Amino acid sequence: MSEIHEITSDRTGFPNPAADHADKPLSLDEKLILHPAATFFVRVAGIEMEEAGIRHGDLLVIDRSLRPRNGDCVIAYAEGNFIVRCYDTHRPGHPMLTNPGNLRPIPINEEVLIWGVVIHAITSFRCM
């Protein structure tokens with residue numbers, strides 16, 4: 001397997017040729033996974049969260065060890081399905097699962113299980 005290196009950039013976002021000597025191996029595990037034993041990957045099916053930056057086909061990195069905070073994207077089990085929604089605590093005592101596309105909010109209660117917090121969404125720009 002080829003080694004992947006992290007490349008430093010100048011202000012325009014292009015690699016700095018003078019930094020060739022400063023390459024260091026890049027570990028995607030170190031960059032994307034905080035808690036390996038509690039981390040899972042999920043492929044998105046659907047367009048409901050596009051306004052939040054999560055697209056159909058994205059690979060989500062889910063950390064089950066994190067407690068959701070207001071505004072986090074989460075994976076939840078609700079109404080018989082796993083769904084991706086925003087964790088919304090703006091209404092004191094009445095947390096909800098919402099989305100920017102204005103689907104019906106889902107009240108968080110004993111029938112809704114927050115399964116994990118989305119920490120990264122990986123978008124592929126070319127089908128392999």
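Visitor: How many of the residues of the protein count as buried?

Guide: In this predicted model, 26% of the 128 residues count as buried.

Visitor: What makes Trp-115 count as buried?

Guide: Its relative accessibility is 19%, and buried means under 20%, so Trp-115 falls on the buried side of the cut-off.

Visitor: And why is Phe-40 called partly exposed?

Guide: Phe-40 has a relative accessible area of 36%.

Visitor: Why is the pair of Phe-40 and Trp-115 called tilted?

Guide: Happy to go through that one! The ring centres of Phe-40 and Trp-115 are 5.4 Å apart, and rings pair if their centres lie within 6.5 Å. The planes stand at 50°; under 30 degrees would be stacked and over 60 edge-to-face, so the pair counts as tilted.

Visitor: What does this pair tie together?

Guide: Phe-40 lies in strand β3 and Trp-115 in strand β9, so the pair ties together parts that are 75 residues apart in sequence.

Visitor: What makes the pair of Phe-82 and Trp-115 edge-to-face?

Guide: The planes of Phe-82 and Trp-115 are at 75°, and over 60 degrees counts as edge-to-face. The centres are 5.8 Å apart, within the 6.5 Å limit. This pair links strand β6, with Phe-82, to strand β9, with Trp-115, 33 residues apart.

Visitor: Is Phe-82 buried or exposed?

Guide: Phe-82 has a relative accessible area of 53%, and exposed means over 50%, so Phe-82 is exposed.

Visitor: Which residues form the aromatic cluster?

Guide: Phe-40, Tyr-77, Phe-82 and Trp-115 form one cluster.

Terms used
Residues are numbered from 1 along each chain as its sequence is written. This is a predicted model: local features need pLDDT of at least 70, side-chain atom pairs count only at pLDDT 80 or more; totals for chains, interfaces and linings use all residues. Side-chain values use heavy atoms; hydrogens and water are left out. Buried means under 20% relative accessible area, exposed over 50%, partly exposed in between (1.4 Å probe, protein chains only). Rings of Phe, Tyr and Trp (its six-membered ring) pair if their centres lie within 6.5 Å; planes under 30 degrees apart count as stacked, over 60 as edge-to-face and the rest as tilted. Helices (H or I, at least four residues) and strands (E, at least two) are DSSP runs, numbered from the N terminus.
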